Amino acid sequence: MSWESIAEKKRAALRDSIPSQWIIPSDILPPGDQADVTTFPKESGFFTEHELEITSTNAADILGKVASKEWTAVEVAEAFCKTAAVAHQLTNCLSETLFTSAIQQARDLDTYLATHGTTKGPFHGLPISIKDNFNITGVDSTVGFASLVNDPATYNSTLIDLLLGAGAVLYCKTNVPTAMMIAESVNNVFGRTVNPRNRKLTSGGSSGGEAALIAFGGSRIGVGTDIGGSLRIPAACTGIYTIRPSFGRFPNSMTRSGLAGQEAVLSVNGPMATTLDEVILWASTVVGQEPWLTDPKCLPIPWRTITPKPKLRFGVLYNDGIVTPTPPVVRALNETVAKLKRAGHEVVTWAPTEHKELLQTLSRMFVADGGKSVRKLLEPTGEPFRPEMRMYEDAEDCGVYEMWQLQLKRNELCKAYLDRWNRAGIDAILCPTTPYSTVEHGKFAYVGYTGVFNVLDYPAASFPCGVLTDKEVDGAYIEHTPLSDIDAQIQGDYSAESVHGMPVNLQLVGRRLEDENVLAMTDVILKAIASS
């Protein structure tokens, strides 16, 4: 079949997998031009009060209520399955529904609790959503390619086995861009995922399906991946929390990749959640399962309890020397810096000394195979390159020797960055996650603020800082000298009217393997914001 026919049948199968009782009735279906659909669950009357109570309860309390038998795992699973089904109808956020198996998992967990008088594991009865590239036996992991449709996995990813063993209920997989290498979640199979806070805007990528589902309220904790910003960018576009961990902290083996075998810049997975506490819950629980016993690349580092210093020293990256953040992001960063100073913390300016070279190195590594990995997945069905993937279509194979030189350059830059960090005596870097709060579909043009930290392998949290874009105060720059051609493009595209009311995320970065510190310091920043 043609790739178009394959994609059409896959989309139809996804639609048909939603139970009829969860299809939104036409008389309450939001019109296509309604931007914000996050209010639908509470305002539509389509959900019971109990379903709303379940999906609005934080993960720790859900676990407690299931363990105490106040709630059954089945009723929790059904509430999240229904909400995910509705979220998909409004945002196109899913790639697979696992509703039938999820409810059976929940039923088995209820039986286990009744029989043994104890929970199966630390995630007992908690629904967790999963990005499309995690393999689940018998389920597709298409990562946006028509050639991978109807090619179900014959094994579970290591993380999937860990989550199931800990008692989690896996109820859906979420949409990604082609090969997971576009900063917006759009592909030729499922189409485009939109932002539930404003459907005219992107939910980011590549974990954009996860971000849209969580921001809508259809998941409390989901799992995504990050090789150039794929956790942090969608978290920023939708105003939720995440951490891009250091490689080796969380298990990532046996997953599908659009650039399989590429390890010059390492992909990692991490949690995306409604709150910072839920990110910490996921991280500490997963590491507590000793994943290094099943993933050969996981490091045997237990999750550590961190008490931050009362006075922290933050290096602030106001711009990276290539792209100026758009006005709401500049305002958010400046306001957060002022609040940190009022809370007694020290703030110094952090220069983007190595950033341009780091990004050049990253870009060359991504296309070092001449685009062969992507092309080999497109060719079986005649599927074309999407326009967002022009750099892969036009790439030339760099060869082994040049690749080795790139890796030498990467190592030099990592050493220089660490030495400069140590000389400055900073605890963390505070900076934009992206130049945008979010942006209209097709206009996400720059991943530099995230990608540098993938090359460095530094842990980085993306978090909403309490600032909303305001068209009255965040107008376009009147006089702006572009730092680069891409800066000129981004500022020319910027529309305060289009992004009005959207949350702004910032990024906090720590040194390699100091993931616990990053989350603890993020909490310090949130408290400084709240106290102001």
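Analyst: What follows describes the contact between the domains and then a few local features of the chain.

This is a predicted model, in which local features need pLDDT of at least 70 and side-chain atom pairs count only at pLDDT 80 or more, while totals for chains, interfaces and linings use all residues. Residues are numbered from 1 along each chain as its sequence is written, and side-chain values use heavy atoms, with hydrogens and water left out.

To the contact, domain 1 contributes 52 residues and domain 2 contributes 58 residues, where contact means heavy atoms within 4.5 Å. About 4500 Å² is buried between domain 1 and domain 2, and carbon and sulfur atoms give 61% of that area; buried area is the accessible area (1.4 Å probe) that two parts lose on being put together, summed over both.

Turning to polar pairings, 32 residue pairs are in polar contact between domain 1 and domain 2, both residues being at pLDDT 80 or more. A polar contact is a pair of N or O atoms within 3.5 Å; within protein, one must be able to donate a hydrogen and the other to accept it, and residues adjacent in sequence count only if both atoms are side-chain atoms.

On the side of domain 1 that touches domain 2, the elements that each supply at least two residues include strand S7 (198-202), helix H9 (232-238), strand S9 (241-244) and helix H10 (276-288); helices (H or I, at least four residues) and strands (E, at least two) are DSSP runs, numbered from the N terminus. H9 gives the largest share of this side, 6 residues. By residue type, this side of domain 1 divides into 26 nonpolar, 17 polar and 9 charged residues, with Ala, Val, Leu, Ile, Met, Phe, Trp, Tyr, Cys and Pro counted as nonpolar, Asp, Glu, Lys and Arg as charged, and the others, Gly among them, as polar.

There are 3 salt bridges between domain 1 and domain 2, a salt bridge being a side-chain nitrogen of Lys or Arg within 4 Å of a carboxyl oxygen of Asp or Glu. The side chains of Arg244 and Asp457 form a salt bridge at 2.9 Å, N to O. The structure holds 29 salt bridges.

The peptide bond from Gly205 to Ser206 is cis, with omega near 10°, and Ser206 lies in the loop between S7 and helix H8 (208-216). Asn150, although not a glycine, has a positive phi of about 60°.
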